[in-house]
Amino acid sequence: MTIVDETTGLPERSVANTRTFPASVGLMKRSMVNIVRLPSAFVPSLVMPIFQTIAFAGTFFAITQIPGFPTDRSINWFLPLGVIMGSGFAGIGIGFATIRDLEGGFYDRLRLTPAPRASLIVGPLLSALVRSFIVTTVVFAVGSLFGARLTHGPSGLIPLYLAGLGIASIGTGWGLGLAYRFRDMRAAAIMQLTFFLLIFLTEAQTPLSVMEGWLEHVARINPFNQVIGLARLGFLDQPMTWNETWTGLLALVVIVALTMVFARRGLDKLSDE
Amino acid sequence: MPTTSTNSLPIEAIGLQRTFGTGDEQVKAVDGVDLQIQQGEIFGFLGPNGAGKSTTVRMLTTLLRPTGGIGRVAGFDVVEQANDVRRNIGVALQDAAIDPLMTGSELLHLQAVLYGLPKSTHATKAGELLERVGLTAAGNRRVGTYSGGMRRRLDLALSLIHEPTVLFLDEPTTGLDPMSRISLWEEIRRLNNDGTTVMLTTQYLEEADQLTERIAIIDHGVIVRKGRPSELKAEVGSPTLFVSVDAAATEPATTLLAGFGELRPSPEGTLGVGLTDGPSAVSNVIRTLDDAGITVRNLELHEPSLDDVFAEATGYRLEGADA
């Protein structure tokens, strides 16, 4: 016999409230399964930063001759950039995957569940963090084989990982927010263009001291510059102090918060189509 | 103590509206839909492509925010209590949108997680549902390798993981072969016998005739007919005679047929007329056309069907519908 709710007179609901964390972990697992089954969606974000680190370090080895350049190893300068790029890809890749789900209709099935809306963002975010961790570890390992050295010991890895995870979070928030708003591949181009433009309009390649004109002005106010600075802290011949660290962390926290709000509002907009 | 009072309807829409775009480009996809679906009912929601069926379903299932009116499902408001609605409904969407990289079993597990079911029940539930829809052997295969019918069945299984009290099926048999369609109909009947209220949107009039107790026909965002199929057929009244003549004779034949009753929408290449005097008028029609020198190439008489109801309500027939 069907049990009936006294208030509504309808059959009693059979499902309890879904909690955010288990739902997020479920979505993260799905994303990881997809990486294994569709490696082509992840491998480029792993290979590109490795290639970029090695190629840039080899091509621009003379950059260390610039007076006052903070390291005598070009790979120490470019490895953190590779990590930032790879982590950015990891985050933006989540945006691409979400576009596929939106276009294919699978995202409707996710939205039809009573899982907290936050889990639809946190789940992919966790996946991006795992991807970023893998990319950072692999790029560091390969970079070390090519001569990269931590100038302050293993503690220098902490800012590198923090910057990578932060950039992956930013990429995820930005990617999801755009995917929700455009709901098709138009968002993909905007994600990549804006994200990597912002990263390259920094000290990504050369220090501020050798930049001139508008490039220097933009790089000076671009908060991503602080993030790249954070990633490089453990690889430069200069002190790794709190004073050098907090600006990068602050930039990360602010941009991550903004992009997460951007994603959350975008998710709400899906119901407005 | 459980009661059996019925204060709320499982599905209710009052003046439900949905507008897309702004200014001159504004389109009213759904324009004041009223629906009252009773507990334990299979309700058919019919309409041609673009009539507003899916938009209505998307609003009632919380995927799309209405721009006007009220929608209540399982006693909860679709806007203010969206998550309560989601907990109580199962939805099989039009395109069987399923991640092709995952296996059927993995998708059922994910669905169980997202519905907050106890972890200890996941494997049992997944196994039971796979068996119920006949996919046990394919449960560990990636969905990308499934046929259209298998995807539909998995989609139905996914929508049942939490034993919903209300089930929305949006064109569940579109594109299926006849055997798969009949198998899905049996499953829908079984669910309904277990007490599940079903709202079924379909373009197949035979499907609506077979499964539903009541139907509503929507056209241009407005409900144009509502009621029991038998009542609606009776309202159409007279049988429809479909006549095929040579193309050159279409115009005079149309004029002559109009003398026997109202002209009705008909499949391409034929003329349709509702015979006011019933089947006995057929011989008179043939004689009249013959006297006018018009050769009848084919002739079919149909008792009122849902297709006639549909045609009378919307002004046209569904492609492929049984005349």
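## A helix pair in chain B

Helix 3 of chain B crosses helix 5 of chain B in a right-handed sense. The model is predicted. Helix 3 spans residues 104-114 and helix 5 spans residues 148-159. Their axes lie 9 Å apart, at an angle of about 20°. Angles under 35 degrees count as roughly parallel, and the two helices of chain B are therefore roughly parallel to each other.

Helix 3 of chain B contributes B:G104, B:L107, B:L108 and B:Q111 to the contact. Helix 5 of chain B contributes B:L154, B:A157 and B:L158. By class, this contact has 5 nonpolar and 2 polar residues, and no charged ones.

## The six-stranded sheet

In chain B, 6 strands form an open, mixed sheet in the order 6-7-8-3-9-10. Strand 6 (89-92) and strand 10 (222-227) stand at the edges with a single partner strand each, so one side of each has no neighbour in the sheet. Neighbouring strands are turned by 15° against each other on average, direction ignored.

Strand 3 (residues 42-46) and strand 9 (residues 214-219) of chain B run parallel, joined by 4 bridges. B:F45 has B:A216 of strand 9 as its bridge partner. Helix 5 of chain B packs on this sheet, where it touches strand 6 and strand 7 (166-170). The direction of helix 5 makes about 165° with that of strand 6 of chain B.

## The four-stranded sheet

Another open sheet of chain B has 4 strands in the order 12-13-11-14, with antiparallel pairing. Its edges are strand 12 (263-264) and strand 14 (296-302).

Strand 11 (residues 240-245) of chain B pairs with strand 14 over 6 bridges. B:V243 has B:L299 of strand 14 as its bridge partner.

Definitions and conventions. Residues numbered from 1 in each chain as written. Chains lettered and ligands numbered in written order. Predicted model: local features only at pLDDT ≥ 70, side-chain atom pairs only at ≥ 80, totals over all residues. Axes fitted to C-alpha atoms, helices over the stretch in contact; angles between N-to-C directions. Parallel < 35°, antiparallel > 145°, perpendicular 65-115°, else oblique. Left-handed = near helix turned anticlockwise from the far one by under 90°. Contact = placed C-beta atoms within 7 Å. Nonpolar A, V, L, I, M, F, W, Y, C, P; charged D, E, K, R; others polar. Pairing = 2+ DSSP bridges.
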